[in-house]
Amino acid sequence: MSDSDRKPSPRQFYIHGITHAGKVFRPSDWAERLAGAMSSFRPGAASGAAGGIGAFIGYSPYCVPQVIDNVRCVLVNEALRDIEPMAWDFVMDFARDNDLPVTEVCVLPEAPRSKG
C-alpha cells in the first residue's frame, strides 16, 4: 500500500479547561467525569472484546483526561466519531455549551527511519 492509498490518521483535539472568557471551568474533576462517561467507547467494543469478566476500569483511548500547564484538558480522538457519532457529538456539544476552547493537536511527522 502506498502512502497515497492510506487513510489519514484521525485528528486529535484538546478541550481546554479554561473558558473563552478566561475562567477556570468547574467542577475541578470535569475532565475525569467527561472521560469517564466515554470510557465504554474502545477499540473492539462493538464486537464485545472489551467487556466481560476480563474487562478493566479505565478511560477510553479516544477520550483521555490530561493536565497541561496546570490546566485540565481532555484529549479527544476523532476516531470516536466513526465508532459512535452521538458520543462524538456529546463531547463536542459539552465543550461548546460550556464555552470551552477546542484546539486541534499539532502532530509532527515522524523522522524517517534509517535503513541498516
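This is a guided tour of the structure, giving a selection at each stop and what is found there.

**Before starting**

The model is predicted: local features need pLDDT of at least 70, side-chain atom pairs count only at pLDDT 80 or more, and totals for chains, interfaces and linings use all residues. Residues are numbered from 1 along each chain as its sequence is written, and side-chain values use heavy atoms, with hydrogens and water left out.

**The whole chain**

Display the entire protein as a cartoon. It has 3 helices and 4 strands; helices (H or I, at least four residues) and strands (E, at least two) are DSSP runs, numbered from the N terminus. Followed from the N terminus, the elements run β-α-β-β-α-α-β. Of the 116 residues, 28% are buried; buried means under 20% relative accessible area, exposed over 50%, and partly exposed in between (1.4 Å probe, protein chains only). Switch to a surface view: the protein exposes about 8,200 Å², and carbon and sulfur atoms supply 55% of it. Accessible areas come from the Shrake-Rupley method with a 1.4 Å probe, and for residues only the protein chains shown count as cover.

Select residues 71-77, strand S3. This strand is largely enclosed by the rest of the structure, because 6 of its 7 residues are buried. Two strands pair if DSSP finds at least two bridges between them. S2 and S3 form a hairpin with 2 residues between them, and Asp69 in the turn has a positive phi of about 50 degrees.

**The cysteines**

Select Cys73, the bridge partner in S3 of Gln66. Cys73 has a relative accessible area of 1% and is buried. Then select Cys63, which also counts as buried, at 1% relative accessibility. How many disulfides are there? The count comes to 0, a disulfide being a pair of cysteine sulfur atoms within 2.5 Å.

**Thr19 in its loop**

Select Thr19, in the loop between strand S1 (12-16) and helix H1 (30-37). Is Thr19 buried or exposed? It is buried, with a relative accessible area of 13%. Now show Asn98, Asp99, Leu100 and Pro101, which Thr19 touches, not counting residues up to four places away in sequence. Contact means heavy atoms within 4.5 Å. Across the protein, among contacts between residues at least 6 apart in sequence, 63% join residues at least 24 apart.
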